[in-house]
Amino acid sequence: MRTFIKSALCLSLLVFLSSCDKNVPDDETYLIFGIFCGECAGTECVNIFHLSSVGIWEDQNDFYPGAGFSGQKYDFVELPQEKFELVRDFSDEFPRALLDETENQFGCPDCGDQCGYYVEWKDDGEIRSWTIDTDKDKIPSYLHDFVDQISVNITLLKE
């Protein structure tokens with residue numbers, strides 16, 4: 001009887017752990033991008049996506065990326081291959097000049113209820129993140145095309 005209980009517990013644990021695995025690669029370059037809106041209600045207030053070379057995932061937790069935000073709060077679920085095909089090359093558009101920045105906030109994202117963009121980049125084991133105002137008058141011009149494409153990609157992924 002003891003053996004049966006131990007086996008059942010081990011099997012339950014194995015099933016639980018495998019169900020938690022969202023198959024998000026964690027040892028490669030990736031781009032996480034999205035939008036967050038504080039004065040909002042419902043599930044569309046925060047949309048965060050994880051793009052790697054093999055797929056696209058959407059975060060289900062919808063935590064607001066404000067002070068103290070941590071990637072540990074992600075709960076990514078893989079999106080269909082068709083969605084990945086729509087955005088697969090977006091990482092190529094990541095503005096490398098962001099990596100030279102000492103600040104991690106541009107403008108005042110969502111301060112005036114205008115929402116904000118969240119961007120996270122991992123390369124060679126280093127993870128960096130930024131919040132970016134949606135008002136392009138308040139951000140460097142080299143970010144304009146990039147944030148425009150974030151907006152387009154979110155629309156494509158949510159359709």
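Tutor: Start with α3: Phe146, Val147, Ile150, Asn153, Ile154 and Leu157 are buried there. This is a predicted model, where local features need pLDDT of at least 70, side-chain atom pairs count only at pLDDT 80 or more, and totals for chains, interfaces and linings use all residues. Residues are numbered from 1 along each chain as its sequence is written, and side-chain values use heavy atoms, with hydrogens and water left out.

Student: What makes the buried residues of α3 line one face of the helix?

Tutor: Look down the axis of α3. The buried residues fall within an arc of 115°, so they line one face. The arc is taken from the directions from the helix axis to the C-beta atoms.

Student: Why is Tyr74 called buried?

Tutor: Buried means under 20% relative accessible area, exposed means over 50%, and partly exposed lies in between (1.4 Å probe, protein chains only). Tyr74 has 15%, so Tyr74 is buried. Phe76 has 6%, so Phe76 is buried too.

Student: Why is the aromatic pair of Tyr74 and Phe76 called tilted?

Tutor: Rings of Phe, Tyr and Trp (its six-membered ring) pair if their centres lie within 6.5 Å; planes under 30 degrees apart are stacked, over 60 edge-to-face, and the rest tilted. The centres of Tyr74 and Phe76 are 4.7 Å apart, with 40° between the planes. By those limits they pair, and the pair is tilted.

Student: How do you know that Cys37 and Cys115 form a disulfide?

Tutor: A disulfide is a pair of cysteine sulfur atoms within 2.5 Å. For Cys37 and Cys115, S to S is 2.0 Å, so the pair qualifies. Cys37 lies in the loop between β1 and β2, and Cys115 in the loop between β5 (105–106) and β6, so the link ties together parts that are 78 residues apart in sequence. Helices (H or I, at least four residues) and strands (E, at least two) are DSSP runs, numbered from the N terminus.

Student: What makes the disulfide of Cys40 and Cys45 left-handed?

Tutor: The torsion about their S-S bond is about -85°, so the disulfide is left-handed. The sulfur atoms of Cys40 and Cys45 are 2.1 Å apart. Cys40 has 37% relative accessible area, so Cys40 is partly exposed. Cys45 has 8%, so Cys45 is buried.

Student: Why is Cys111 called exposed?

Tutor: Cys111 has 51% relative accessibility, so Cys111 counts as exposed. Cys108, its disulfide partner, has 30%, so Cys108 counts as partly exposed.
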